Amino acid sequence: MSDFSLMIHGGAGAVREPERFEGALRRIITRGAEVLASDGAALEAVTLCVQLLEDDPLFNAGFGSVLNAQGIAECDAAIMDGRTLSAGAVAGVGCIKNPILLARAIMEKSDHVFLIAPGAEEFARAQGVCCVPASYFQTQERLAQLARAKERSAAALDHDAEATKKLGTVGAVARDKKGNLAAATSTGGMTNKSFGRVGDSAVIGAGVFADNASCAVSCTGVGEHFLRMSPARTVAFLIEDLAMDTKKATDEAQRRLETKSKALAE
């Protein structure tokens, strides 16, 4: 085992053109690993990795966020420090260049954990977090993807069956040289989603969780299922309270998620 650990993800689903993503993911995880190798904190590493993922249009977060039914981006993000259990989360923002930086600011510079929509954007301006016009997110690719979803009259994950490539919610988890854990997640949600819809990515315990006593988790998938089952917190519980190893805990949490989700669909 190395003296630090770092993992990142670019979302759920099949990858049709893996070669397009491998270079971006390797570049970003290398940047994060450099932070940890230089005695940087896990919190710094996950913040940097998710910020870089948000800046890459390949992924459904930040610049690459999908568009809702009204043709605008509504972004969600969250971050958690496993050392202190401090957390920050933001949802439904449409003018924040890097939602993960706003989530971090909420964690460190407010008395709250979760801010949404106009209130979150007002806080961002007060803290000097970079804001951008709505047009920043309206790339030709995302507009075309929205049009396809509207033709099918359905909301869809960003890697829908008609997409030419896989794109997705992003996340990072890390353990630094001091043994501290951190997790971060960011997303644009689902293409053609209802105005105001929030998934699991910004919800502590559902889409993201970190505790030095157990693990750091960043989830991706259909948020409605994750919101009902809180799999991130479930994994941590199984590790800390039932002494499961990481593999068994994640397998069990996934089994529970799939079983319950299937029952709801029947």
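**Helix packing and cysteines in a predicted model**

A105 belongs to helix α3 and, with a relative accessibility of 7%, counts as buried. From A105 to R27 there are 78 residues in sequence, and the two C-alpha atoms lie 25 Å apart in space.

Helix α3 spans residues 99–109 and packs with α2 at an angle of about 150°, the two axes being 8 Å apart. Because angles over 145 degrees count as roughly antiparallel, α2 is roughly antiparallel to α3. On the α2 side, the contact is made by L43, E44, T47, V50, Q51 and E54. Helix α3 contributes P99, I100, L101, R104, M107 and E108. Sorted by class, the residues of this contact are 6 nonpolar, 2 polar and 4 charged.

Helix α2 also packs with another helix, α1. Here α1 covers residues 18–37 and α2 covers residues 42–55, and they meet at an angle of about 160° with their axes 8 Å apart. This angle makes α1 roughly antiparallel to α2. The crossing of these two helices is right-handed. From α1, the residues in the contact are L25, I28, R31, G32, V35 and L36. Those from α2 are A42, E44, A45, L48, C49, L52 and L53. The contact of α1 with α2 comprises 10 nonpolar residues, 1 polar residue and 2 charged residues. E44 of α2 takes part in the contact with α1 and also in the contact with α3.

One member of the α1–α2 contact, C49, leads on to the cysteines. A disulfide is a covalent bond between the sulfur atoms of two cysteines. In this model the count of disulfides comes to 0. For C49, the closest cysteine sulfur is that of C219, and at 17 Å it is too far away for a bond. C49 is buried, its relative accessibility being 0%.

What is the nearest cysteine sulfur to C75, and how far away is it? The sulfur belongs to C95 and is 9.5 Å away. A disulfide needs two cysteine sulfur atoms within 2.5 Å, so C75 is in no disulfide. C75 is buried too, with a relative accessible area of 1%.

Notes. Residues are numbered from 1 along each chain as its sequence is written. This is a predicted model: local features need pLDDT of at least 70, side-chain atom pairs count only at pLDDT 80 or more; totals for chains, interfaces and linings use all residues. Side-chain values use heavy atoms; hydrogens and water are left out. Axes are lines fitted to C-alpha atoms, for helices over the stretch in contact, and angles run from 0 to 180 degrees between N-to-C directions. Helices (H or I, at least four residues) and strands (E, at least two) are DSSP runs, numbered from the N terminus. Angles under 35 degrees count as roughly parallel, over 145 as roughly antiparallel, 65 to 115 as roughly perpendicular and the rest as oblique. A crossing is left-handed if the near helix is turned anticlockwise from the far one by less than a right angle, and right-handed if clockwise. Contact means heavy atoms within 4.5 Å. Ala, Val, Leu, Ile, Met, Phe, Trp, Tyr, Cys and Pro count as nonpolar, Asp, Glu, Lys and Arg as charged, and the others, Gly among them, as polar. Buried means under 20% relative accessible area, exposed over 50%, partly exposed in between (1.4 Å probe, protein chains only).
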